[in-house]
Amino acid sequence: MSNAQAPAPTSRREQILKEAARLFAERGFHGVGVDEIGAAVGISGPGLYRHFAGKDAMLAELLVGISERLLEGGRMRVAEGGESPAAVLDALIDGHIDFALDDRPLITLHDRELDRLREADRKRVRQLQRQYVELWVEVVRRVHPVPSESRARAAVHAVFGLLNSTPHLGRPGALPGRTEMAQLLHRLALGAFGAVAGGPAGDGPAAGESVAVGAPGA
């Protein structure tokens with residue numbers, strides 16, 4: 001995979017969150033101290049408390065924030081996609097691929113640290129993820145009429161699992177460049193959705209079941 005990076009953070013708060021995500025993903029939430037996060041952005045550890053109450057607040061903002069951004073971005077793509085369901089699905093896939101390639105630490109954080117959130121924050125993440133899944137399910141069913149809604153939902157969960165596998169795809173430089181990787185992921189996602197129309201209908205994940213980030217499973 002290429003070394004392409006997400007756009008540079010534009011504020012000190014965003015810089016802190018970006019470095020916190022990277023460090024938490026690399027070493028675990030409890031393996032990182034406030035002083036180390038501060039050093040990564042060039043301020044003292046205590047200086048972080050002008051921006052966040054502590055590490056728990058950073059983790060909550062990271063995981064709730066990415067769930068909000070995925071849902072907001074998905075809704076925007078549906079609204080701007082025009083009358084072609086296939087074009088809308090393409091746009092949803094591209095948006096999630098951008099997340100999966102540029103924000104891989106958040107996928108790792110979701111997998112490892114979601115249960116550390118306060119109950120209210122964890123419920124908020126789950127709620128946002130359910131809405132994001134159902135947004136995709138509606139579009140998939142317009143592109144590929146299938147025998148059951150549960151089958152379409154199962155396909156959406158499976159595609160999220162595919163796209164959110166990026167943190168496990170190998171060391172930097174071992175895979176194609178970012179553009180080629182994005183194209184490959186897009187073709188794989190379309191192939192998975194194309195397969196949903198064939199075969200017997202079956203029960204998929206329940207409507208309330210969460211995904212791995214990203215949604216960050218999302």
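Predicted model: local features only at pLDDT ≥ 70, side-chain atom pairs only at ≥ 80, totals over all residues.

User: Which residues have the most contacts inside the largest nonpolar core?
Analyst: Those are Phe24, Ile37, Met58, Trp136 and Phe193, in a core of 58 residues. The elements giving two or more residues to this core are H1, H2, H3, H4, H5, H6, H7 and H8.

User: What does Phe193 touch?
Analyst: Leaving out residues up to four places away in sequence, Phe193 touches Leu89, Ile93, Trp136, Val140, His144, Ala155, Val156 and Val159.

User: Now helix H5. Which of its residues are buried?
Analyst: H5 spans residues 104–113, and its buried residues are Leu106, Ile107, Thr108, Leu109, His110 and Glu113.

User: And what covers them?
Analyst: The cover includes helices H1 (12–27), H3 (55–80), H4 (85–102) and H6 (119–143).

User: Switching to loops: is Asn164 buried or exposed?
Analyst: Asn164 sits in the loop between H7 and H8. Its relative accessible area is 4%, so Asn164 counts as buried.

User: What does the Asn164 side chain make a polar contact with?
Analyst: With the side chain of His96, at 2.8 Å.

User: Okay, charges. How many salt bridges are there in the whole structure?
Analyst: A search finds 13. One of them joins the side chains of Glu26 and Arg22, with N to O at 3.4 Å.

User: Where do Glu26 and Arg22 sit relative to each other?
Analyst: They're four residues apart in helix H1, so about one helical turn separates them. Glu26 is exposed at 51% relative accessible area, while Arg22 is partly exposed at 31%.

User: Which pair links distant parts of the chain?
Analyst: Arg124 and Glu68 form a salt bridge, 3.8 Å from N to O. Arg124 is in helix H6 and Glu68 is in helix H3, 56 residues apart. Arg124 is partly exposed, with a relative accessible area of 32%, and Glu68 is partly exposed too, at 35%.

User: What does Lys123 pair with?
Analyst: Lys123 forms a salt bridge with Glu119, and their closest N and O atoms are 3.2 Å apart. These two are four residues apart in helix H6, which means about one helical turn lies between them. Lys123 is exposed at 53%, and Glu119 is partly exposed at 48%.

User: Last one: which residues are linked in a network of salt bridges?
Analyst: Glu134, Arg141, Glu149 and Arg153 are linked that way.

Methods
Residues numbered from 1 in each chain as written. Heavy atoms only, no water. Buried < 20%, exposed > 50% of the residue type's maximum accessible area, 1.4 Å probe, protein only. Contact = heavy atoms within 4.5 Å. Core = buried A, V, L, I, M, F, W, Y, C linked by side-chain atoms within 4.5 Å. Polar contact = N/O pair within 3.5 Å; in protein donor to acceptor, adjacent residues only side chain to side chain. Salt bridge = Lys/Arg side-chain N within 4 Å of Asp/Glu carboxyl O.
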